[in-house]
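User: I have a model open and would like to go through some of its local features with you. Could you start wherever you like?

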Amino acid sequence: MAARPHSRRPRPGRTWRTGLRHHRQLAGLEALRREHVTDPSNASRTLLFDIHRQCWDDELLALLDIPPALLPRIVDSSGEIATIAAEWLGAEIPLSGMAGDQQAATFGQACLEHGMAKNTYGTGCFLLMNTGPQPMASSHRLLTTIGWQRQDQTTYLLEGSVFMGGATVQWLRDGLGLIASADQIEALAASVPDNGGVYLVPAHTGLGAPYWDPFARGALFGMTRGTTRAHIARAALEAIAFQSAEVLQAMENDAGQAMKELRVDGGAARNDLLMQFQADLLGVPVVRPKVTETTALGAAYLAGLAVGFWQDEAELTSLWQAERRFEPAMAESQRAALFGHWHRAVERTLGWAKEE
């Protein structure tokens, strides 16, 4: 903990009050029947967890000088995890579901079978595909992660992240002042029939999967005297779809099978123009569910299965309902031409900030 400005340095041997209080809390865990636990999906995010052996990695812990006793015990994502003390909610309530943010969203989207995938369109985009009970090593620069663990059975996922999703729209609003609010972008972009040859590569913080280039920088290509703010708005939305499509194509190549549909959620998934363009680029339906708070829903599903509120995953699949289905309507030749221009634009941004 950093000392406040002008405060005295602690005398040798003196313990910070906060540290002492934390020490006392830890010492009293057993007496208070408190649990220090996590599930494999959250543990895997620490980079200290062996996702193959399902345990903390002794070699990494030793390398970083982390005592194993400090780390939580690993429990199933769905099961009898702990009991919430009555002092918090008025009664003792079982804690039965636990999962990482995007893993829970994948479960909430009922992507429960091999090959099913979802994309969360938030500040960034987070794409995950169910690869079943065996971890799949990517040959297309994606990440292998744990989705969830139930009844000692682990489900693995392939994952790819896009750094600038909804953040691209925020930049148009806050950085360029092209729009006053994010919800204005759809109408502005729809006021022109296409992007007018304009391509925005939003590599403002580098590019994520499948490029992983921290030196890439954002660029706007193809402008002419006829370019308007509407064309730039449309190029921004299309950039979100292009980036997501590249990750999903990498997933299909790794999995060796084509997707039947893409399930979507997140704030930008409410943008119909973006969702239709995404379907057109992918050549498969994009499906938006009735319940879009999929992270909370996934955690609830995991808890409900553990206590018998729902019987099995088949029942969860039957509960999932689509609010709207966007069918692809673009010719393959047009799709190929658009991707060709996009790839040319991306290539010109790679390594831009790298010193010679």
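Analyst: L60 is partly exposed, with a relative accessible area of 30%, where partly exposed lies between buried (under 20%) and exposed (over 50%), using a 1.4 Å probe and protein chains only. This is a predicted model, in which local features need pLDDT of at least 70 and side-chain atom pairs count only at pLDDT 80 or more, while totals for chains, interfaces and linings use all residues. Residues are numbered from 1 along each chain as its sequence is written, and side-chain values use heavy atoms, with hydrogens and water left out.

User: Where is L60 placed?

Analyst: L60 sits in helix α3, residues 58-63; helices (H or I, at least four residues) and strands (E, at least two) are DSSP runs, numbered from the N terminus.

User: Switching topic, which peptide bond is cis?

Analyst: The bond from A209 to P210 is cis, with omega near 0 degrees, and P210 belongs to the loop between β11 (199-201) and β12 (219-221).

User: What about phi of W212?

Analyst: W212 is not a glycine, yet its phi is positive, at about 50 degrees. W212 also lies in the loop between β11 and β12, and is partly exposed at a relative accessible area of 31%.

User: And L47, buried or exposed?

Analyst: L47 is exposed, with a relative accessible area of 69%, and is found in the loop between α2 (40-43) and β2 (49-50). Its phi is near 65 degrees, a positive value in a residue other than glycine.
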